[in-house]
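Please look at the sequence and structure below first.

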Amino acid sequence: MTEQKSTPLPSVDKDWWRGAVIYQIYPRSFQDHNGDGIGDLVGITERLDYVADLGVDAIWLSPFFTSPMKDFGYDVSNYRDVDPIFGTLGDFDRLLEKAHSRGLKVIIDQVISHSSDKHPWFQESRQSRTNPRHDWYVWADPNPDGTPPNNWLSIFGGSAWTWDSRRMQYYMHNFLASQPDLNFHNPDVQDAVLGAMRFWLDRGVDGFRLDTVNFYFCSEGLESNPVVRPEDFNASTAPAVNPYNFQEHVYDKSRPENLAFLRRVRSLLDEYPGTTSVGEIGDSQHQLEIMAQYTSGEDRLHMAYTFDYLGGAFDAGHFRSSIDLTEKDAPDGWICLAFSNHDVARHLSRWGAHNHKEAFARLASTMLLTMRGSVCLYQGEELGLTEAELAFEDLVDPYGIEFWPEFKGRDGCRTPMVWQAAAHLGGFTTAQRAWLPVPADHLRRAVDQQEKQNDSLLHHYRATLDFRRKHPALAKGSIETLDAPDGVLMFLRSASGETMLCAYNMTEAHRSVTLPAGMAVRSADAPGSVAGPVDGTLVLPPFAAFVGSVVG
């Protein structure tokens, strides 16, 4: 095991993350270097120039740790090493060094709410009720009739409890039965996962994306969850066909004890100036309240993201309501915005059921990069990749296999990146088959095709990212929504003496927008923006955007 270290970039701004744009890389699907059909760390390193040239600030790497891959790396069996599928620690160090040389920060996933059942900690814990790690996981006796201790459900289907014959007890798992939940009520568990995080900070990483950050603690009383009220039913965290949505999850996650642990995480990060944290919050009923708790002040997470824009409708009313609620309920918090990631259908398919797909793709990118918060872009988003339609026999995601056909799982957003339209499997791999198919309709959107087209979506993303960098109001400014015609989202962004008006027609019809009385606005030459207002009126064709500077 190599001990090579990489020094983090000198931190000029400890708040670099505030308003930063982070590019999410799903390692299995970015670039395969060794020809086994699965992406790897060396492949990512080879493609970092492409990422840097986009103009983003950082990359986020989905898990590459040692794992049986039952949930494709989100079931970790060694928190301090690289799975051989992806390479070695030396490969990671070289990736880190190359990223830093190109001005890219590196954020890595930390999946600590649960481990793999193959992790030595769990292997020891399950042996007896008296071994040194007997209480490192959430164990419970059965009810007198042998049934699980309560009604908690797994997001991946069925009970959240699995019987273990060695201990004659149930263990808890919010996801697969092979992903047992760690017991964060035990200080030794907290110390162990913080030690693993320190291992990567010492290697030079710039921060962590914390998977399922509100799942760390459950109630020690193991009370059954109540039924969710019909008016509060929400399918943003799990698909509508999943009975997980029928409960209000007040006892199995989002517990108040989590705040003290997040302070320990922040204290650790504060030892490494310039590092950051972004938490994934999955809670259908209380996500904004939790985000406010987790990101307010200087002693918790730096930022968090919810599923407001990873689900929901592409609707001006929904977006305005989400923005306003965030400002009202989490005024001191900081949100990380994303429209797509490795867990949800790609947004061009999720929201784009109309005949204006190119205009919509540009509109969505401009909206995302002008809303208030930091931004996560998901690999291939900048190419306009759609959700892949896969046959059942091609699925590998256990979530999709469980809930097929109404929910097809996450494979459709995880297919390989396409680099060259005419190359075998889009230039992703030299293997005969990739771990997931490369859709034929993705090839025409390959990087080499879009590089040659000055008006391509890829060039639009680059130009919009450059525009964002040049306007502090868009990166770190305040936001204020404005009244607008039905279907139009309009807001002001303000910072450092600069105020910008952003108006978006989120419909298939033309819209005319009358600006507030006395407001003077001029064009800011934003990429893809329509012409400025005439006599106080903006004309917005279907899925058109206007971004301009407020004068005076």
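How many positive and negative side chains does the protein have, and how far apart do the centres of the two sets lie? The model is a predicted one. It has 49 positive and 74 negative side chains, and the centres of these two sets lie 3 Å apart.

**Overall dimensions**

Along the principal axes, the C-alpha atoms fill a box of roughly 80 × 50 × 50 Å. The accessible surface comes to about 20300 Å², and carbon and sulfur atoms account for 51% of that area. Of the 552 residues, 61% are buried, that is, under 20% relative accessible area. Among contacts with a separation of 6 or more, 71% are between residues 24 or more positions apart. The secondary structure consists of 15 helices and 20 strands.

**Strand β13**

Strand β13 covers residues 374-378, and five of its five residues are buried. In a regular strand, side chains alternate between the two faces of the sheet. In β13 both faces are covered: S374, C376 and Y378 are buried on one side, and V375 and L377 are buried on the other.

β13 pairs with two strands described here. Strand β1 (residues 21-25) runs parallel to β13, with four bridges; within this pairing, I22 has C376 as its bridge partner. Strand β12 (residues 336-337) is also parallel to β13 and is joined to it by two bridges. There, L337 has V375 as its bridge partner.

**The β6-β8-β7 sheet**

A separate topic is an open sheet of three strands in the order β6-β8-β7, with antiparallel pairing. Its edge strands are β6 (139-140) and β7 (161-164), each of which pairs on one side only. Strand β8 (residues 169-172) pairs with β6 in the antiparallel sense over two bridges. In this pairing, A140 stands opposite Y170 of β8.

| Strand pair | Sense | Bridges | Residue pair |
|---|---|---|---|
| β1 and β13 | parallel | four bridges | I22 and C376 |
| β12 and β13 | parallel | two bridges | L337 and V375 |

Methods:
Residues numbered from 1 in each chain as written. Predicted model: local features only at pLDDT ≥ 70, side-chain atom pairs only at ≥ 80, totals over all residues. Heavy atoms only, no water. Pairing = 2+ DSSP bridges. Buried < 20%, exposed > 50% of the residue type's maximum accessible area, 1.4 Å probe, protein only. Contact = heavy atoms within 4.5 Å. Areas by Shrake-Rupley, 256 points an atom, 1.4 Å probe, with all protein chains shown as cover. Lys, Arg positive; Asp, Glu negative; His and termini not counted. Charge placed at Lys NZ, Arg CZ, Asp CG, Glu CD.
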